[in-house]
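Here is a short briefing on one structure. Please keep the sequence and the 3D view open while reading.

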Amino acid sequence: MEAASPAFAQRLFAGIAPEYERMGALLSLGQEDRWRRYLVSRVPVGPNDSVLDVASGTGLVARELVRTTGARVISLDQSADMLAAGAVANRSAGMDGLIEQIVASADALPFPDASFDAVTFTYLLRYVPNPQTTLIELSRVLRPGGTLASLEFYVPQDPVAHLGWRAFTRFGLPLIGAMASPEWRDTGRFLGPNIEAFHRRFPLRRQARAWRAAGLSDLGAQTFTLGAAVVTWGKKRG
Ligand SMILES: C[S@@+](CC[C@H](N)C(=O)[O-])C[C@H]1O[C@@H](n2cnc3c(N)ncnc32)[C@H](O)[C@@H]1O
């Protein structure tokens, strides 16, 4: 399968948008909601604040932000298909008037500097050509003192957990995906190797350096589910 890139991500998510939420819950064995809730718990905002949720997809993080903080939320994604599926979900949650959707790239955010009290992003940096450049752009639109917070898949570090994770990502994910559709089978095949390659290229230590270089401080990170996911956060300096 071709390397992850913005164009690759456009095709991938166009094919899986309608079933994204149901299949995501299945492929993560029901774990993802807990990870997203923790991500949102790291974002200290309230009803008078505004949050930009980047790589928002169908809006799972955006809706959790509205539900728990009451903040004004903009849901931004490069995939119109994912946002369209999100519009349906936002409507059934009674939140279509509360979440604004914007089609744009994380590498060229259509906002002035320091526009938001917080910026969140989920499963994004594996699809961008240069994670450092993207982090600088995400930080640019954040006000000084504001919070940047992220959720990403991770690779279990414990040798036994790693073996189990490898078996699940190489056999379980493609098998479960194949039962849904050819697009989900391909996604199931792609995810494990892509997650591993990303963390080899951009390990957490290097990510922390990149966050600092993008103007963030007070960094924190928390892993989940034996290390299958990591939530990372920091505060914009200045
Ligand atoms: C796995 S989905 C995450 C969706 C959602 N945030 C969640 O919690 O499940 C990743 C999203 O990143 C988006 N994406 C990938 N590259 C992007 C980019 N360069 N700019 C904006 N969105 C991007 C994809 O379109 C996709 O909707």
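Is glycine 86 buried or exposed? The model is a predicted one. Glycine 86 has 26 C-beta neighbours inside 10 Å. The cut-off for a buried residue is 20 or more, so glycine 86 counts as buried.

**Glycine 86 and its surroundings**

- Glycine 86 sits in helix H5, which spans residues 80–92.
- Leaving aside residues up to four places away in sequence, glycine 86 touches Ser56, Gly57, Thr58, Gly59, Ser75 and Gln101.
- Arginine 140 is 54 residues from glycine 86 in sequence. In space, the two C-alpha atoms are 26 Å apart.

**Strand S1**

- Strand S1 covers residues 50–54.
- Four of its five residues are buried, so the rest of the structure largely encloses S1.

**Pairing of S1 with S2**

- S1 and strand S2 (residues 72–77) run parallel and are joined by five bridges.
- Serine 50 has arginine 72 as its bridge partner in S2.
- Between S1 and S2 the chain passes through helix H4, residues 60–69. This β-α-β crossover is right-handed.

**Pairing of S1 with S4**

- Four bridges link S1 to strand S4 (residues 116–122), and these strands run parallel.
- Phenylalanine 121 in S4 stands opposite valine 54.

**Reading the strands**

- In a regular strand, side chains alternate between the two faces of the sheet.

Key: Residues numbered from 1 in each chain as written. Predicted model: local features only at pLDDT ≥ 70, side-chain atom pairs only at ≥ 80, totals over all residues. Helix = DSSP H or I, 4+ residues; strand = E, 2+ residues; numbered from the N terminus. Buried ≥ 20, exposed ≤ 12 C-beta atoms within 10 Å, placed from the backbone. Contact = placed C-beta atoms within 7 Å. Pairing = 2+ DSSP bridges. Right-handed = clockwise from strand over helix to strand, strands pointing away.
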